[in-house]
Amino acid sequence: MDYLSLTEARDALRKGETTSVDLTQAMLDRIVALDNDVNSYLTITDEMALAQAAAADKRRANGDDTPLLGIPIAVKDIISVQGVPNTAGSKILDGFVPPYNAFVVDKLEEAGAVILGKTNTDEFAMGSSTENSGFFTTSNPWDLERVPGGSSGGSAAAVSAGLAYAALGTDTGGSVRQPASFCSLVGLRPTYGRLSRWGVVAFASSLDQVGHFGRTVADCTAIFQATAGYDPRDSTSLNVEVPDFEAALTGDINGLKVGVPQEYFIEGIDAEVETAVRTAIAKLEELGAEIVKISLPHTQYALPVYYLIAPAEASANLARYDGVRYGPRAKGSDMIDSVKKTRALFGAEVKRRIMLGTYALSAGYYDEYYGRALKVRTLIKQDFLDAFEQVDVIACPTSPTTAFKIGEKADDPLAMYLADIFTLSVNLSASCGLNVPCGFDSKGLPIGLQLIGNTLQEATILNAAYAYEQATAWHKQQPTIGGNL
Amino acid sequence: MSLTPQDVEKIANLARLELTPAEKAQYLEQLTAVLDYAEMLNELDLEGIQPTAHAIAQENIMREDIAVPGLAIDEVLFNAPKQAQNQFLIQSVLDE
């Protein structure tokens, strides 16, 4: 039961072979048994989950069949669920209980999902390993001594370990795709504006987007479908029609033009990752796709651009944590001193990025750093627009390496930032992207293929991933943790 | 890039962060490394290039000016570290 896919669990519920209460209780039991090792959840909402499950079973008995009715899922602890603590992985939000649901959580509830709990994250989603969480580090279910990736590492580890059928994360620079790659999951970062960010704790507002994890393309698509849509409360959400993404999964990619950017196969990329990704691209060709060599000439600038823009936006967004309206408050000699002492609750990486962003925005340096980064962002965006004149999809690695060991990069911020080198450009441009599992290295660690699509073309990349998945068996492998209890 | 200890002090104060001497030394080194890395942006000729603040630019979107119910006062104040008389309570800012 633990490793039924979401769509299989949905079929079982529809046929009356199981109930949501049974599925939910089994998941909660498995969380109790295994999460001491994985550490994926920050809060387990067992009472709420069982109540939602009972309500879902009742709705089904009355003839209801909404898309996620009775399916137990997990939510990254940066997305507000009314009445449930929301820490964003930070001690500065310890004890904060949001008084309303995020838009995507309202959508999940409409779709009938059961929320098992809130998953661990790097503090304010700043990180690539969950080591920056203010509470604890999550382990990779494929090797407990390694990181699950980040920042949505808790969600990735939970879905990978069979502790949820699917999960929500957020992706500001790769925080869904990179952990999906490290944990052998399908992870989608939709186009900016495809979903509302209402009720999601802000990190870098021009880059943040809710994303989705599933063990299969169909699972990821189901939870994405349920949460997509326009919301007038987020002025950057796009008032466009939401297509039937599930119907778009035909598996037919005959004639699909797949671009392979030369700049993504660079020195420093793990040889086993390169081989697996190139083999996956050959598989796409075998399935009828036309492979086209392309160039994204400003690729190397994405990392410095991102690490100026994201911290600049973060330094502004995080100014609100002053201990006045929520969170703990420290007492200093005067008001300013109290604010400073309260903000000592931020972790090292968050302080580092606030410092960097404040500097990039400060008088005398704005044009040199932030202003320059915004202009180079234009060039990066144009690279993608030019590429999508020639091709439908871009294929490349999601991460230059497989999962690294806990502690390996913790003291070297720049080395950690390089883990995101292949994912950042999607956020800076108007593209969408996903990770689909494409193999394992000699240590048994998962490798991921990244597929990038043009603005609002999620259906195209999901279908390409589906075609690849149906022709391979990577998604059928599960980590051995806990076995089938 | 020559970031000085005084720069670090100044930025920390602007950002309302209180840093220990060890943190100051560490951030001086690490921020310098990141800013040095960002120097590569100076290679590019950006004459005439417009800045992109949002990947998908949107015009201001106005809604009808219709009152809708908001959160109740007790919900708004639920998370406040200190409150009194339906207000957030803070230390006095001005001398009495």
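**Entry 1**

I am working on a predicted model. I looked up A:F124 with that cut-off in hand. Its relative accessible area is 0%, so A:F124 is buried. I found A:F124 in the loop between β3 and α5 of chain A. Then I checked the backbone. A:F124 has a positive phi of about 50°, yet it is not a glycine. I noted the background: most residues other than glycine have a negative phi.

**Entry 1: a cis peptide bond**

I stayed with the loop between β3 (114-119) and α5 (153-160) of chain A, where A:S151 lies. Is the peptide bond from A:G150 to A:S151 cis or trans? I read an omega near 5°, and the bond is cis. Again I noted the background: most peptide bonds are trans.

**Entry 2: a positive phi in chain B**

Next I turned to B:N86. This residue is not a glycine either, and its phi is positive, about 60°. I located B:N86 in the loop between β1 (83-84) and β2 (87-88) of chain B. Is B:N86 buried or exposed? Its relative accessible area is 54%, which is over 50%, so B:N86 is exposed. A:F124, by comparison, is buried.

**Entry 3: helix α7 of chain A**

How many of the 11 residues of α7(A) are buried? I got 10, so I wrote the helix down as mostly covered. Among the buried ones are A:V217, A:C220, A:I223 and A:F224. A:D219 and A:T221 are also on the buried list. Just after α7(A) comes A:G229, with a positive phi of about 145°.

**Entry 4: A:N239**

I moved on to the loop between α7 (217-227) and β7 (257-261) of chain A, because I wanted A:N239, which sits there. A:N239 has 60% relative accessibility, so it counts as exposed.

**Entry 5: where chains A and B meet**

How many residues does each chain bring to the contact? I found 68 residues from chain A and 50 residues from chain B. Together the two chains bury about 5,400 Å² between them. Carbon and sulfur atoms hold 66% of that area.

I then went through the polar side of the interface. There are 22 residue pairs in polar contact across it, both residues at pLDDT 80 or more. I also found 2 salt bridges across the interface. In one salt bridge, the side chain of B:E18 meets that of A:K341 at 3.3 Å, N to O.

Which elements of chain A give two or more residues to the side that touches chain B? I listed α9 (302-317), α10 (335-342), α11 (348-361), α12 (367-390) and α13 (413-417). Of these, α12(A) gives the most, with 10 residues.

**Entry 6: a nonpolar patch**

A:Y100, B:L71, B:V76 and B:F88 make a nonpolar patch of about 300 Å². I picked out B:V76 from this group. B:V76 lies in helix α3 (residues 73-77) of chain B. Its relative accessible area is 36%. That value falls between the 20% and 50% cut-offs, so B:V76 is partly exposed.

Key:
Residues are numbered from 1 along each chain as its sequence is written. Chains are lettered from A and ligands numbered from 1 in the order in which they are written. This is a predicted model: local features need pLDDT of at least 70, side-chain atom pairs count only at pLDDT 80 or more; totals for chains, interfaces and linings use all residues. Side-chain values use heavy atoms; hydrogens and water are left out. Patches are made of residues with over 30% relative accessible area and no salt bridge: like charges are joined within 9 Å, nonpolar side chains (Val, Leu, Ile, Met, Phe, Trp, Tyr) within 5 Å. Accessible areas come from the Shrake-Rupley method with a 1.4 Å probe; for residues, only the protein chains shown count as cover. A salt bridge is a side-chain nitrogen of Lys or Arg within 4 Å of a carboxyl oxygen of Asp or Glu. Helices (H or I, at least four residues) and strands (E, at least two) are DSSP runs, numbered from the N terminus. Buried means under 20% relative accessible area, exposed over 50%, partly exposed in between (1.4 Å probe, protein chains only). Contact means heavy atoms within 4.5 Å. Buried area is the accessible area (1.4 Å probe) that two parts lose on being put together, summed over both. A polar contact is a pair of N or O atoms within 3.5 Å; within protein, one must be able to donate a hydrogen and the other to accept it, and residues adjacent in sequence count only if both atoms are side-chain atoms.
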